[in-house]
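Hi there,

Here is the structure I promised to pass on. My notes on it follow below.

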Amino acid sequence: MRKTIIAGNWKMYKTIPEAIELSNGLKRELFKLDKDAIEIVLCPAYTALSEVAEVVLESNIQLGAQDMYWQDEGAFTGEVSPKMLNDIGCAFVIIGHSERRLYFNETNETVNKKVKAALSAGIKPIMCVGETLAQRENNETFKVIDDHILNGLKDINATEALNIVIAYEPVWAIGTGKTATPLQAQEVHQYIRNLLVKVFDRDTADAMRIQYGGSVKPDNIIELMNQPDVDGALVGGASLKIDSFSDLVKKANQVRKK
Ligand code: PGA
């Protein structure tokens, strides 16, 4: 059985006091949930990582970063390394988010380097894949998924892959209020799982988690989680408030997979 994983991507929101307030509120609301049944991950901006790390220490909430560079140290002004994320207590790191691909020249090659560097540092990468609206309308969804998955996971072995989470995020559903229907999400998740069988093997593909992302809210999480290949969610907007994120996580926790 795959353990549900819900991650909040705070993007470029929250000052340090706001981040402390949000993480404290979530800790208070979610402390009863069993961490053997559901993983909860908060991904604040770099500036708030250290304070949020302190808030969630020894709780059922884990820490993640939103990106990183692939070198451990060096003259790379503005970048943050896997070693630094380790230092601060990050268990996860989001890699290849569509906003990074769109605005910051992230490519499949840099995604692949970052995924490998995260794995070597013992940080679990959440590797994001997904098509734009134009690509969907041109029937290129599966081609884009092939490209993102096959190149992003190049030269990674099955043992390492067990520590990777894939996030399927159709770009047209991010921050737009348009969610993929549960069936649209399931169709692509199943396609990704079958691709993982080809890249690795059946057992590895069955063990890997695939999150859905794109306008996930408390009122659509249950039907998304009810899909057989949806193992969790990567949440943007709805992760920025105590009420909406805790409600969403509690609802995800109610869905028990076979
Ligand atoms: P959203 O963002 O939930 O605001 O659509 C999701 C994401 O970008 O990870």
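**Aromatic rings and the barrel**

Tyr69, Trp70 and Phe76 form one aromatic cluster. Rings of Phe, Tyr and Trp (its six-membered ring) pair if their centres lie within 6.5 Å, with planes under 30 degrees apart counted as stacked, over 60 as edge-to-face and the rest as tilted. Before going on: this is a predicted model, where local features need pLDDT of at least 70 and side-chain atom pairs pLDDT 80 or more, while totals for chains, interfaces and linings use all residues. Residues are numbered from 1 along each chain as its sequence is written, and side-chain values use heavy atoms, leaving out hydrogens and water.

There are five aromatic pairs in the structure. The ring centres of tyrosine 69 and phenylalanine 76 are 4.9 Å apart with planes at 45°, so this pair is tilted. Tyrosine 69 is buried at 16% relative accessible area, whereas phenylalanine 76 is partly exposed at 33% (buried is under 20%, exposed over 50%, partly exposed in between, with a 1.4 Å probe and protein chains only).

Tyrosine 103 and phenylalanine 104 make an edge-to-face pair, 6.3 Å centre to centre with 80° between the planes. The charged end of arginine 100 sits over the ring of phenylalanine 104, 4.2 Å from its centre (NZ of Lys or CZ of Arg within 6 Å of the ring centre and within 35 degrees of the ring normal).

As for the fold, eight strands form a closed barrel, E1-E2-E3-E4-E5-E6-E7-E8, with parallel pairing (strands are DSSP E runs of at least two residues, numbered from the N terminus, and pair with at least two DSSP bridges).

Best wishes

Terms used:
Helices (H or I, at least four residues) and strands (E, at least two) are DSSP runs, numbered from the N terminus.
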